[in-house]
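Thanks for asking me to look over this one.

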Amino acid sequence: MGMLEIRWHGRGGQGAKTASTLLAAVAIEEGKYGQGFPEYGPERGGAPMKGFTRISDEPIRYHCGIYHPDIVVVLDPTLLLLVNVTEGLKEGGSLLVNTPLSPDEVRKRYGVKVEKLYTIDATKISLEEIGKPIPNTPMLGALIRAMGGMISLETVLSNIRKKFARKFPEKVIQGNLNAVKRAYEEVKG
Amino acid sequence: MAKNLLALTGNDAGAYAVKQVQPDVAAVFPITPQTELMHKVAEYVADGVIDTELITVESEHSAMSATVGAAAGGARTFTATAANGFALMWEIVYIASSLRLPIVMALINRALSAPINIHGDHSDSMGGRDTGWVQLYSEGAQEVYDNIIQAYRIAEHKDVLLPVMATFDGFIISHTTEIVDTLTDEVVRKFVGEYKPAYSLLDIDHPITVGPLDLYDWYFEHKRSQIEATKHAKRVILEVADEFYKLTGRRYGYFDDYRVDDAEAVIVVLGSAAGTTKCVVDKMRKDGKKVGVLKLRVFRPFPAEELADALKDVPVVGVLDRAVSFGGWGGPVFNELRSAMYNLERRPEVVNYYYGLGGRDINTEQIEETFNTLLEIAETGKVKERFGYIGLRE
């Protein structure tokens with residue numbers, strides 16, 4: 001495997017930062033090299049923002065933005081109307097969108113021309129499992145499914161537990177773990 | 001030895017090193033993008049992992065003052081800051097080195113105001129280049145960890161006794177999660193050793209005076225002794241790096257030259273952009289273009305002879321500066337490097353680029369374009385532009 005580059009699009013408060021760095025930590029735990037970094041702007045809740053993840057079998061020496069991602073993850077479907085989320089997406093690259101729509105409906109409604117398009121209703125899952133519309137952890141579950149076994153579901157789950165243990169009560173942690181598992185199963189495309 | 005690989009941000013890696021060194025005293029004041037580092041150190045203290053005495057102060061001027069006081073009292077110390085925080089410390093930063101106090105500080109590089117900008121450039125640390133501190137720059141989180149550990153050994157060496165700042169680029173390194181190969185607490189504590197201060201205000205059996213009036217009768221001689229200490233630091237930096245290499249297998253020196261030997265064009269750069277440049281070098285080498293990169297780790301003391309020797313056979317050198325010397329003849333790295341080459345028999349052509357101010361990203365395409373300009377100079381022998389910019393709107 002060469003280097004896999006992922007770009008996350010979200011809005012402030014949706015957890016794109018946590019997801020981009022958490023995935024890097026998961027990759028590192030799986031014996032790979034990982035790098036995760038968010039784009040820091042004024043950090044307003046609701047403002048469009050980006051996160052980045054690199055995964056590789058070789059040491060990662062890049063310290064620059066990702067301009068030609070292999071995968072783009074969109075945490076908020078309204079960004080499809082605001083931001084050119086597929087900008088620089090590699091030929092044959094994948095797009096994963098948080099939406100109740102099917103991949104074909106996304107293509108039709110937003111005019112997205114990506115062959116490998118995946119969708120998941122991560123907001124619904126997070127509302128049902130966590131009680132809050134924070135779609136980052138279910139999006140992680142859907143993403144690793146779309147990545148086709150490169151990262152194991154178990155390592156994602158144990159890392160979420162580790163990362164959240166100090167911050168959140170057990171109920172919230174369990175809700176997040178359930179959300180990841182559900183999204184892993186329910187992703188379409 | 002089994003590796004202990006952790007996923008850490010640059011700030012986490014710095015805090016982890018501080019945890020393992022366990023300084024006696026640390027002064028804490030928050031400023032973006034440094035805050036998370038001291039936050040983490042404070043967490044180690046609150047959790048009882050380390051027994052470092054935390055002093056929560058009301059400004060950076062006080063942070064450095066508290067550190068100076070503690071160090072003069074014989075304590076092993078630590079503090080951290082960035083940009084305007086460093087600027088506010090200024091008066092005491094100079095006093096710390098002049099009093100020969102082996103303080104270690106993490107300086108998370110951030111652009112100085114105005115306009116207000118929280119992102120990484122080198123205007124803060126380059127502004128402090130003449131304060132008498134040793135300066136170590138880091139390419140990534142691993143080097144943050146390694147440099148902070150080595151900083152204690154350099155600072156506290158009996159021939160040095162100077163403060164050391166370990167710097168790293170704000171956000172680009174401080175907030176990026178990466179793999180860090182860590183040592184055990186025990187190994188780190190053994191490497192830095194128990195701190196036995198040469199002088200201490202608290203040693204009442206051997207009373208000393210710190211910071212008395214020193215006019216034209218002796219001030220000059222004291223500055224001379226500081227100059228000599230900085231020269232010793234140059235030697236000690238390599239000795240410590242050698243020992244660290246034996247412990248970890250990770251080699252450090254004044255700089256890291258990558259595919260420089262037969263290169264037609266070399267970029268000299270410090271900090272996070274060095275890794276990206278190495279990737280570009282590998283790509284261009286595959287296309288048959290002879291390019292290389294030299295990453296400067298130690299800016300103070302400046303390794304002038306060694307740099308000149310490493311670059312003496314390179315036809316064209318492009319120096320990248322992430323800090324402006326307004327009205328100066330080029331940026332700080334360019335200025336000193338070019339001067340260091342003056343006595344070479346055959347001097348390389350040296351050009352200068354400003355890049356990345358206020359944290360602006362420098363990407364692979366821009367670096368490749370810069371290399372191509374340097375190669376063109378090597379081919380034609382003509383310099384169209386001695387001073388340029390990378391990634392700037394005109």
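1. Let me start with a helix pair. In chain B, α1(B) passes α2(B) in a right-handed crossing. Helix α1 covers residues 10-21 and helix α2 covers residues 35-46; the two pack at an angle of about 35 degrees, and their axes are 8 Å apart. From α1(B) the contact draws on B:Asn11, B:Asp12, B:Gly14, B:Ala15, B:Val18 and B:Lys19, and these meet B:Glu36, B:Leu37, B:Lys40, B:Val41 and B:Tyr44 of α2(B). Sorted by class, this contact of α1(B) with α2(B) has 5 nonpolar, 2 polar and 4 charged residues.

2. A word on confidence, as this is a predicted model. Chain B has a mean pLDDT of 97, with 99% of its residues at 70 or more. For the complex, the predictor gives an ipTM of 0.94 and a pTM of 0.97.

3. How is chain B divided into domains? The domain assignment gives domain 1 as 4-248 and domain 2 as 255-390. Between the C-alpha centres of these two domains of chain B lie 28 Å. Their contact takes 28 residues from domain 1 and 21 residues from domain 2. On the domain 1 side, the elements giving two or more residues are α5 (123-127), β6 (134-137), β7 (164-169) and α8 (219-248) of chain B. The largest share of that side comes from α8(B), with 5 residues. By class, the domain 1 side divides into 12 nonpolar, 10 polar and 6 charged residues.

4. Now to the sheets. One open sheet of chain B has 7 strands in the order β3-β2-β4-β5-β7-β6-β12, with mixed pairing. Its edges are β3 (53-56) and β12 (298-300) of chain B; each has a single partner strand, so one side of each is left without a neighbour in the sheet. On average, neighbouring strands here are turned by 20 degrees against each other, direction ignored.

5. Within that order, look at β4 and β5. Strand β4 (residues 77-81) of chain B runs parallel to strand β5 (residues 104-109) of chain B, and 4 bridges join them. If you want a place to look in the viewer, B:Phe78 has B:Val104 in β5(B) as its bridge partner. Helix α3 (residues 60-72) of chain B lies across β2 (25-28), β3 and β4 of chain B, and runs at about 165 degrees to β4(B).

6. The other sheet I would point out is also open, with 6 strands of chain B in the order β9-β11-β10-β13-β14-β15 and mixed pairing. Here β9 (255-258) and β15 (387-390) of chain B stand at the edges, and because each has a single partner strand, one side of each lacks a neighbour in the sheet. From one strand to the next, the twist averages 25 degrees.

7. Which strand does β13 of chain B pair with in the parallel sense over 6 bridges? The partner is strand β14 (residues 349-355) of chain B, with β13 spanning residues 316-321. In this pairing B:Gly318 stands opposite B:Val351 in β14(B).

8. Helices lie across this second set of strands too. α9(B) lies across β9, β10 (265-269), β11 (291-296) and β13 of chain B, at about 165 degrees to β11(B). Helix α11 (residues 332-340) of chain B lies across β10, β11, β13 and β14 of chain B, and runs at about 145 degrees to β13(B).

9. Turning to the partner chain, 21 residues of chain B are in contact with 16 residues of chain A. On the chain B side, β1 (4-8), β8 (178-182) and α9 (273-286) each supply at least two residues. Of these elements, α9(B) gives the most, with 5 residues. The residues of this side of chain B divide into 9 nonpolar, 9 polar and 3 charged.

10. Finally, some backbone details to check. Most residues other than glycine have a negative phi, and most peptide bonds are trans. The peptide bond from B:Thr32 to B:Pro33 is cis, with omega near 0 degrees, and B:Pro33 is in the loop between β2 and α2 of chain B. Another cis bond runs from B:Ala114 to B:Pro115, with omega near -5 degrees; B:Pro115 is in the loop between β5 and α5 of chain B. B:Leu161 has a positive phi, near 45 degrees, and is in the loop between α6 (141-156) and β7 of chain B.

Notes. Residues numbered from 1 in each chain as written. Chains lettered and ligands numbered in written order. Predicted model: local features only at pLDDT ≥ 70, side-chain atom pairs only at ≥ 80, totals over all residues. Pairing = 2+ DSSP bridges. Axes fitted to C-alpha atoms, helices over the stretch in contact; angles between N-to-C directions. Contact = placed C-beta atoms within 7 Å. pLDDT = per-residue confidence, 0-100. Nonpolar A, V, L, I, M, F, W, Y, C, P; charged D, E, K, R; others polar. Domains from an automatic or database assignment. Left-handed = near helix turned anticlockwise from the far one by under 90°.
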